[in-house]
Amino acid sequence: MRISTFLTRLIVLTVAVPSLGWAQDQTVETQVVDAMNQVFGSHPGIRAFHAKGIVVEGNFKGTPDAVALSRAVLFDGRTIPVTVRFSDSSGLPSIPDGSDGANPHGMALKFHLPDGSETDMVTNSLKVFLVPTAADLRDFFLAIAASPPEAAKPTKLDQFVASHPTIPAALATIATPDSFAHEEYRGLNAFVLVNKAGGRQAVRYVVTPEQVVHLNAAEAAKQPPDFLMTELPERLNRGPVIFHLKAQLAAAGDPTNDPARPWPDDRRVVELGILTLDKAVPGSTEAEKKLLFLPGQLTDGIEASDDPMIDVRDSAYAVSFSRRTP
């Protein structure tokens with residue numbers, strides 16, 4: 001699909017509200033959430049972004065290759081319980097699963113470690129992020145809000161995209177899957193795995209299914225509005241869903257501080273473990289309200305890189321959580 005068409009359909013799906021404005025002393029993370037609310041509206045009890053989702057459970061077991069890279073208990077071969085939330089993009093809780101605006105789809109993972117602590121991974125189906133900074137992300141959503149279908153051309157969004165070539169490059173990597181179980185998800189921020197000897201390796205996570213199956217635009221448009229949300233529990237009733245958690249290894253010179261810059265495709269990829277999902281959580285709508293996934297919630301053996309967007313995402317998700325939680 002042409003990127004201009006994708007963005008046009010995204011605008012049509014939004015529910016722009018009057019400008020919220022913000023005080024000069026507000027953090028950029030708060031401004032990002034405000035900008036999302038300006039585009040999609042504010043929905044009580046619902047996330048500002050990736051508003052529509054479903055929660056499932058399963059377990060994870062690390063590989064010997066993972067142990068060589070990281071001393072984290074997550075990878076030591078024990079069976080680790082995990083809670084996963086799959087989601088559509090956008091801040092609209094009723095967005096049709098097959099619509100362009102529902103891309104990229106998300107997969108957030110919360111690993112429940114033996115000592116009672118948790119560590120999270122937040123991934124989505126983009127292969128590279130839209131923009132490099134939080135300020136750019138805020139301004140992207142503000143440009144969408146300022147570009148209704150009747151706006152004069154070039155719109156604010158047209159101008160913003162023209163000056164940020166990373167946006168069309170990122171959007172060109174996404175499509176609608178026929179199932180959450182048939183999509184590949186990526187952690188766009190870099191993290192550092194630390195092994196028992198103190199060796200350090202920068203990585204980006206890749207969560208790979210047994211097969212990837214995408215629908216074309218015409219096929220996606222014919223699907224029921226909640227087809228992804230209903231298909232996954234039905235699939236789990238028939239048997240477990242398997243994903244492979246992998247790490248793309250950075251080489252010297254690969255940028256670790258900019259999620260909008262991809263690493264070369266020839267970088268080595270190591271399998272860290274097998275993720276087995278076997279149960280849809282009853283009452284998922286209520287269960288997901290209590291879940292907060294933070295990319296920076298780490299455990300010993302996994303460290304944040306120098307990517308400032310990790311802290312930004314943590315803070316923005318916390319702002320969204322505080323607003324939806326009484």
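## Aromatic pairs, worked through

Phe86 and Phe243 are both buried. Keep in mind that this is a predicted model.

**Exercise 1.** Work out which class the aromatic pair Phe86 and Phe243 belongs to, and where its two partners sit.

*Solution.* Start with the numbers: the ring centres of Phe86 and Phe243 are 6.1 Å apart, with 35° between the planes. Stacked needs under 30 degrees and edge-to-face needs over 60, so this pair comes out as tilted.

**Exercise 2.** Count the aromatic pairs, then classify Phe49 with Phe141.

*Solution.* The count is 12 aromatic pairs. For Phe49 and Phe141, the centres lie 5.5 Å apart and the planes meet at 75°, so call it edge-to-face. Now the location: Phe49 is in the loop between helix 2 (28–40) and strand 1 (53–62), while Phe141 is in helix 4 (residues 134–145). The pair therefore ties together parts 92 residues apart in sequence.

**Exercise 3.** Decide whether Phe49 and Phe141 are buried, partly exposed or exposed.

*Solution.* Phe49 has 22% relative accessibility, so it counts as partly exposed. Phe141 has 5%, so it counts as buried.

**Exercise 4.** Which cluster do ring pairs build with Phe49 and Phe141 in it?

*Solution.* Ring pairs join Phe49 and Phe141 with Phe40, Phe140 and Phe160 in a cluster.

**Exercise 5.** Over the face of which ring does Lys110 lie?

*Solution.* Phe293: Lys110 is 5.3 Å from that ring's centre.

Methods
Residues numbered from 1 in each chain as written. Predicted model: local features only at pLDDT ≥ 70, side-chain atom pairs only at ≥ 80, totals over all residues. Heavy atoms only, no water. Phe/Tyr/Trp six-rings, centres within 6.5 Å; stacked < 30°, edge-to-face > 60°. Helix = DSSP H or I, 4+ residues; strand = E, 2+ residues; numbered from the N terminus. Buried < 20%, exposed > 50% of the residue type's maximum accessible area, 1.4 Å probe, protein only. Lys NZ or Arg CZ within 6 Å of the ring centre and 35° of its normal.
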